[in-house]
Amino acid sequence: MEYITTKRVLAVLALIFILGYGVSVYWSSEPDVMEISELVAKSKQEANNEGKKPVVGYTTTTTLIMVAETLLDKPGGYLSNDVMPPGVLMDNMPAWELGVLEQVRDFSLIMRKDFSRSQSQSVEDKDLKIAQPKFNIDNKSWHLPSAEAEYREAIEALYRYRTRLADPDQPDVQFYARADNLAAWLKEVQSRLGSLSQKLSASVGRNIINDGLAGDSSAEQSTYMPEEEVVKTSWFLTDDIFYEARGASWALLHLMKAVEVDFKGVLAKKNAEVSVKQIIRELEETQETVWSPMILNGSGFGVMANHSLVMANYISRANAAVIDLSELLSKG
């Protein structure tokens, strides 16, 4: 055993560390943003492969599938439920995955209860009824069943729905591009973006005034809350929240581009195309390259940058544009 020396052991450990670090860096690379022309071309190509013609809702469904598949097929695959290194030691990419997954969950729910139904008393689509709950399994579940397996089954159900959607012999399968349906999804988007903006802004600590009962003198709440409290994100979680917002923005950007295609008539009638383009532009800004080797958490107007506040700025502006779009859709 004389060949096992301290130097050799340290050299092997160093090599393992370097290889693990290299793999983790590669696995941390975020997927590129697809242009709207690429999304449309992808939809047409996949429709041709199935011997179908793209119909209303085909691009949106294809985009949802693409976003969900990217979650599983990007470099390193799905990392949130890894139990072995280097995946188990990584936190930025799992946070990114959570942001994407939340958008997929919201959109699949809207697909199930609004986009695919003519009215509240209509029957749910059988494949969307399968897909939506499978996306809601615990994102960290790794065995019996694993999150990846459930998400794969959800994607397969979306593929079946898309095939039936483009089949003229199945008129009971529909995608309704209506203003009220789009407004229902935008309401979910507002809630998500508002929450992300608050969490990002809390990186420097904020005094929050309790306005939960504002506007209604008879309103009540479960337990007492102080009129004002300080909310500050732990420095340990700052980068996680940043990448969660980045992942959510990446997914939302693609879904918004797809909506721009399938809801084109509705948006034109409401003169709301500019609002959608503004949302897309703000979301594109959230995907700019982060040149810093780490997410900095400077104190607002301090010497160091604060990446969370920059992200919160874009998220807030996108949310303001979403609110404007919702108001336009509500007008006759």
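Mentor: A salt bridge is a side-chain nitrogen of Lys or Arg within 4 Å of a carboxyl oxygen of Asp or Glu. The model before us is predicted. In this model, the side chains of Asp-180 and Arg-178 form a salt bridge, with an N to O distance of 3.0 Å.

Trainee: Are Asp-180 and Arg-178 buried, partly exposed or exposed?

Mentor: Buried means under 20% relative accessible area, exposed over 50%, and partly exposed in between. Asp-180 has a relative accessible area of 46% and is therefore partly exposed. Arg-178, at 27%, also counts as partly exposed.

Trainee: How many salt bridges does a search of the whole structure find?

Mentor: The search finds 21 salt bridges. One of them joins the side chains of Arg-112 and Glu-124 at 2.9 Å, N to O. Arg-112 belongs to helix α4 (residues 92-115) and Glu-124 to the loop between α4 and α5 (126-134), so this pair ties together parts that are twelve residues apart in sequence. Arg-112 is buried, with a relative accessible area of 16%, whereas Glu-124, at 28%, counts as partly exposed.

Trainee: Which residue meets Asp-127 in a salt bridge?

Mentor: The partner is Arg-160, and the two side chains are 3.0 Å apart, N to O. Arg-160 lies in helix α6 (residues 147-165) and Asp-127 in helix α5, so the pair ties together parts that are 33 residues apart in sequence. Asp-127 is buried at 4% relative accessibility, while Arg-160 is partly exposed at 37%.

Trainee: Which residues are linked in a network of salt bridges?

Mentor: Such a network links Lys-42, Glu-46, Glu-50 and Arg-162.

Trainee: Let us turn to the overall fold. What pattern does the chain follow along the sequence?

Mentor: The secondary structure consists of eleven helices and two strands. Their order is α-α-α-α-α-α-α-β-β-α-α-α-α. The C-alpha trace spans about 80 × 55 × 40 Å along its principal axes. Of the 332 residues, 44% count as buried. The chain exposes about 17,900 Å², of which carbon and sulfur atoms supply 57%.

Trainee: What share of contacts in the chain join residues at least 24 apart?

Mentor: Among contacts between residues at least 6 apart in sequence, the share is 75%. Met-111 is placed in helix α4 and is buried, with a relative accessible area of 1%. Beyond its neighbours within four places in sequence, Met-111 is in contact with Thr-61, Leu-64, Ser-116, Leu-128, Tyr-161 and Phe-175. Met-111 and Gly-57 are 54 residues apart in sequence, with a C-alpha to C-alpha distance of 9.8 Å.

Trainee: How many residues apart in sequence are Val-204 and Leu-309?

Mentor: The separation is 105 residues in sequence, against 8.4 Å in space from C-alpha to C-alpha. Val-204 is found in the loop between α7 (179-201) and β1 (206-209), and at 30% relative accessibility Val-204 counts as partly exposed.

Trainee: Which residues form a nonpolar patch on the surface?

Mentor: The patch is formed by Ile-4, Val-9, Leu-10, Val-12, Leu-13 and Ile-16, with about 550 Å² of accessible area together. Ile-16 lies in helix α1 (residues 6-27) and is exposed, at 53% relative accessibility.

Trainee: The backbone remains to be read. Which peptide bond is cis?

Mentor: Most peptide bonds are trans, and most residues other than glycine have a negative phi. In this model, the bond from Leu-144 to Pro-145 is cis, with omega near -10 degrees. Pro-145 lies in the loop between α5 and α6, and Leu-144 is placed in the loop between α5 and α6 as well. Leu-144 also has a positive phi of about 50 degrees, although it is not a glycine. Leu-144 is exposed, with a relative accessible area of 72%.

Trainee: What is the phi of Asn-271?

Mentor: Asn-271, although not a glycine, has a positive phi of about 55 degrees. Asn-271 is located in the loop between α9 (264-269) and α10 (273-285), and at 61% relative accessibility Asn-271 counts as exposed.

Terms used
Residues numbered from 1 in each chain as written. Predicted model: local features only at pLDDT ≥ 70, side-chain atom pairs only at ≥ 80, totals over all residues. Heavy atoms only, no water. Helix = DSSP H or I, 4+ residues; strand = E, 2+ residues; numbered from the N terminus. Buried < 20%, exposed > 50% of the residue type's maximum accessible area, 1.4 Å probe, protein only. Contact = heavy atoms within 4.5 Å. Areas by Shrake-Rupley, 256 points an atom, 1.4 Å probe, with all protein chains shown as cover. Patch = residues over 30% accessible without salt bridge, like charges linked within 9 Å, V, L, I, M, F, W, Y side chains within 5 Å.
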